[in-house]
Amino acid sequence: MTKAWELFKDEPDVIAARVGGVLKDLSYEVAEGDDVEGVLIGSADGRDILRHSTAHVLAQAVQDLYPDAKLGIGPPVENGFYYDFDVETPFVPDDLVKIETRMRKIIKENQKFSRRVTNDDDARIELADEPYKLELIGLKGNAGEAAEGASAEVGAGELTIYDNLDRNGEIAWKDLCRGPHLPTTKRIPAFKLMRSAAAYWRGNEKNKQLQRIYGTAWETKEALDEHLFRIEEAERRDHRKLGRDLDLFSFPDEIGSGLAVFHPKGGVLKRVMEDYVRQRHIEEGFEYVGTPHITKDQLFYTSGHLPYYADTMFPPMEFEGSNYMVKPMNCPMHNLIYRSRGRSYRELPLRLFEFGSVYRYEKSGVVHGLTRVRGLTQDDSHSYVTAEQAPGEIKHLLNFVLGLLKDFGLDDFYLELSTRDDSKPDKFVGSDEDWAIATKVLEDVCIESGLDLVPDPGGAAFYGPKVSVQCRDAIGRTWQMSTIQYDFNQPARFELEYNGADGQKHQPVMIHSAKFGSLERFFGVLVEHYAGAFPPWLAPVQVQAIPVADTFADYLYDVAAKMKAAGLRVEVDDSDDRMQKKIRNAQLQKVPFMLIAGADDVEAGAVSFRYRDGRQDNGVPIDEAIARVAQAVADRVQV
């Protein structure tokens, strides 16, 4: 037997080993013939191990400084880690400074992470002063159901404890954990504590509220600095702040949480988005339909959404002896349109589309600006096809989606294939054969596209698998955008049929697709992607006309009238502000173009043409200025 670290002692960036596909500490004893590969600290698995180890150092530092603190859970998460604590007084920013200082001392001490196997009874004795750990031991094997992140501590396998050993080999601190971990604390190159917040134990609001400290850790100081820069940039681009600054939308308390109103400028952008995607659907063979906002609740029993989606639906309203519900999705109503008369195979694919307003009862803790709302509008489409047509229709939809995203300036994406979790058959409906066929069709189309394909086991809807387009924005963040779902369930539940070429009745396949996902969320993503500086075709105000003095305002109003006649969106700033203040205001509003006019311009029948980035061309004839803006709008380019 050989310790894994001996195999990689000449590779300083290796911090763990993958043995037979399973992650192990470098202290793991490798048997002859084992399939072993090193895990680099900068890899996805390596970063998780680094962050999990840093979470342990955080917990040790907290208990060093606050001995009465009780430990919750501390898993790695995307781009960082957190740890929950039961403390008497909530943490404040000064506490995080003290904790971070203590963490640096622990890291410098080069403590060793040492794994040992224990059993439930011994662990309960050893961790008798840690009530939350004792609760996790009782939930061993069901940690995923117990709490998000609990699987990092207990799982279905053996129970283990990690000791942090000082230079004398004495236990400086210990924690219930599955691991693996770094060899020593000194292998933590760069970290930072970010913030603290309240969090209910096991995510249940009926439980005690703990204090959660968030942090981040990276393989180099440069990688940490880049991450912190991205966070700063994300804050600068926050669509909630820009929505206020640019007067695009708001969430009045009088209306309710997660229910947006769009102001005139936001309404322009929303209308441009809607007009574009409506026309594109027509070009792609879809027929526009409309359905009501409420319906009798029996419709959702027929579709199968009740009881699966009950927790995210608003309560029913009793009316004329029936329970009515605001709709959380459009597909059941589209099924009724399909079923309204007999259908022939000659009509298929039958493609229905609408902007459907739906309502979902998201918990207040997850509502977030436009990207997580309670009232949303879906550019919702459903294709009814024969089983033989399904692959071609999915390919058609995927090409449609990718082209649309590119037109909106999103061109860095990959695909995610969401399938059912075979270990939870009660959460999915349909036969194994149906799921296998549907999954294979989606997978084949995804592979044929040539895009990277990432599996998402267990992420499917209850009625069938789906593929989602994951887009990276201007600063590298990933957003789930468009989705395409294969549904063999609802056609059966609604008894949908078509007359086949053989004269027999057949059941169609239903394919769901939302190109924006939701208009509100896509709106929010675009605001952040462009940091509010939209390309001219999307900009609420495309041109700001600025007179050098009041006497030139009428001249610019005439120019503005010509631009409006050409279909352009233009405003004239005839306020009492000085010219430089007007230019500054237009820059703050991120208007793509400014037309400035003084005496020389009026005499020449021209304008000074100023771009958003500060470039300026003087003496541009009016017709040429109009043509420049019109061309930029038509080309959908950024300026």
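**A walk through the model**

Let's start at Ser575, which sits in the loop between β30 (570-572) and α18 (579-588). Helices here are DSSP runs of H or I with at least four residues, strands are runs of E with at least two, and both are numbered from the N terminus. Before I go on, this is a predicted model, where local features need pLDDT of at least 70, side-chain atom pairs count only at pLDDT 80 or more, and totals for chains, interfaces and linings use all residues. Residues are numbered from 1 along each chain as its sequence is written, and side-chain values use heavy atoms, with hydrogens and water left out.

For us, buried is under 20% relative accessible area, exposed is over 50%, and partly exposed is in between, with a 1.4 Å probe and protein chains only. Ser431 is 144 residues away from Ser575 in sequence, and 68 Å away in space, C-alpha to C-alpha.

Zooming out, the protein has 20 helices and 33 strands. Its C-alpha trace spans about 90 × 75 × 55 Å along the principal axes. Of the 639 residues, 50% count as buried.

Now to strand β32, residues 606-611. Six of its six residues are buried, so β32 is largely enclosed by the rest of the structure. In a regular strand the side chains alternate between the two faces of the sheet. Here Ala606, Ser608 and Arg610 point one way, while Val607, Phe609 and Tyr611 point the other.

What does β32 pair with? On one hand there's β31 (residues 593-597), antiparallel to β32 and joined to it by four bridges; two strands pair if DSSP finds at least two bridges between them. Phe593 has Tyr611 of β32 as its bridge partner. Then there's β33 (residues 616-621), also antiparallel to β32 over four bridges, with Gln616 opposite Arg610. The hairpin of β32 and β33 has four residues between the strands, and Gly614 there takes a positive phi near 105°.

How many cavities of 30 Å³ or more does a search of the whole structure find? One, and the largest cavity holds about 110 Å³. A cavity is a set of points on a 1 Å grid over the protein atoms alone where a 1.4 Å probe fits but cannot get out, and lining residues have an atom within 4 Å of a point. Grid points are joined across faces, edges and corners, and the volume is the space filled by probe spheres set on them. The lining includes Leu246, Lys265, Phe534 and Gln589. Domain 2 (245-524) and domain 3 (543-634) both give residues to that lining, so the cavity lies between them. Those domain bounds come from an automatic or database assignment.

Last stop is the largest nonpolar core, with 82 residues, where Leu405 and Phe408 have the most contacts inside it. Helix α13 (residues 390-407) gives the largest share of this core, nine residues. Domain 2 and domain 3 each supply at least three residues to this core. A core means buried Ala, Val, Leu, Ile, Met, Phe, Trp, Tyr and Cys residues joined through side-chain atoms within 4.5 Å.

Methods
On a 1 Å grid over the protein atoms alone, a cavity is a set of points where a 1.4 Å probe fits but cannot get out, and a pocket is an open set with protein on both sides within 12 Å along at least five of seven lines; lining residues have an atom within 4 Å of a point.
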